[in-house]
Amino acid sequence: MTKPPSLSSLPDTRGYFGAFGGRFVPETVIPALEELTDTYLVARDDAEFQAELDHLHRTYTGRPTPLTYARRLTEHLGGAQIYLKREDLAHSGAHKINNAIGQALLTRRMNKKRIIAETGAGQHGVATATACALLGLECIVYMGRVDMERQKPNVFRMRLLGAEVRAVDSGSRTLKDAINEAIRDWVTNVETTHYLLGSALGPHPYPLMVRDFQSVIGREARAQFLERVGQLPDVVMACVGGGSNSIGIFHAFRDDQDVRLIGVEAGGRGIDSHEHAARFADQMIARVGTLHGTKSYVMQTEDGQIMETHSISAGLDYPSIGPEHAYLRDIGRAEYTHATDEETLEAFQSLCKLEGIIPALESAHAVVEAIKLAPTLSADQTILINLSGRGDKDLDTVLQALDMEP
Ligand SMILES: *Cc1c(COP(=O)(O)O)cnc(C)c1O
């Protein structure tokens, strides 16, 4: 048997993480992906590019984000000490800005002035519009008509930030249709336009590049943890939609074999209901396939039609998962579990009441797993949760779900 490749050398030059990843796209966009790969690989090693990114993070994004000891949650659960990496305090309210600013800088490097993006809940659209306003780039965001209705405040935010939001009326008028429309635009305008993808997904080099831009989370958290606690965490956990905030915190710990890495998918209404986005948990409907340019686990019907997914958190509601996660799971380096909508709502409220932090519903999925695991560990053990975003955007959803009056 050949030795598996070292984690730090992944993906390979064709963009594969083991059997996952690669490039499954129309031929017309291959030159743009080649250009992006070349530009990115140079920028990656360019001290000037990294210094500019670092400067923007310090002076604009609000980095480093703090590491918070969750004292009351820890005492309440009785067991492992729980720490939170506070991406909710990053500018625009979540980790997504880390990637958006990185790719916007890269766009400038390629002498392109036009950025397109697609968005479901609007969070990635807002982060992209923010980065474009900062750097003076034209910004067009594709969004399904149904999602625009559901996420009006984010549509308004994007417009305030100077972006053009284009309604998509094809198909189910949601995220996957917006992605198709964005790809169509890219194929037509590829010479002048960068497609700013929002998660660790899509064709090579996106999963690599997005991971790198998000890995600032783990680099900071690892150093903060060592300084504060004097040792590495026993467990690192994060929610997994496309997989960018999780891979961003996992990456710095990948070679620390004693640190458990746990990704939490959206369990929705439970695995048996098949109404969820737990791509690794439901063997009935999730199989290896290709979607939106990459090979990974995909929720699909028997004849390969993409399944509708469900999650109380829009950011986790996606039928596929980043290819590096599929690989980390395959080789046993990371573990994956899921949290249901109901469990998530409980964890959401616990964090509000015990820590004074209103988390994004996505992030609350990771808190569910900490609540389950902490009491089984001892008080000299530690859990680090990536709190990917803040929950202001979710207040209506929570009010409705809890049947509360505002
Ligand atoms: C978009 C989003 C996610 C899910 O995306 P990943 O790429 O899996 O990180 C998680 N948390 C928040 C707050 C988000 O906005």
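Begin by selecting Ser388 together with the ligand: an N or O atom in the side chain of Ser388 is 2.7 Å from a nitrogen atom of the ligand, a polar contact being a pair of N or O atoms within 3.5 Å. The model is a predicted one, in which local features need pLDDT of at least 70 and side-chain atom pairs count only at pLDDT 80 or more, whereas totals for chains, interfaces and linings use all residues. Residues are numbered from 1 along each chain as its sequence is written, and side-chain values use heavy atoms, with hydrogens and water left out.

Now select everything with a heavy atom within 4 Å of the ligand; 18 residues surround the ligand, and Lys96 and Gly241 are among the closest. This shell contains five nonpolar, eleven polar and two charged residues, with Gly counted as polar.

Finally, colour domain 1 (17–58 + 96–206) and domain 2 (64–93 + 216–401) separately, their bounds coming from an automatic or database domain assignment. Each of the two domains gives at least three residues to the shell around the ligand. The domain centres, taken over C-alpha atoms, are 23 Å apart, and 27 residues of domain 1 are in contact with 30 residues of domain 2, contact meaning heavy atoms within 4.5 Å.

How values were computed: Polar contact = N/O pair within 3.5 Å; in protein donor to acceptor, adjacent residues only side chain to side chain.
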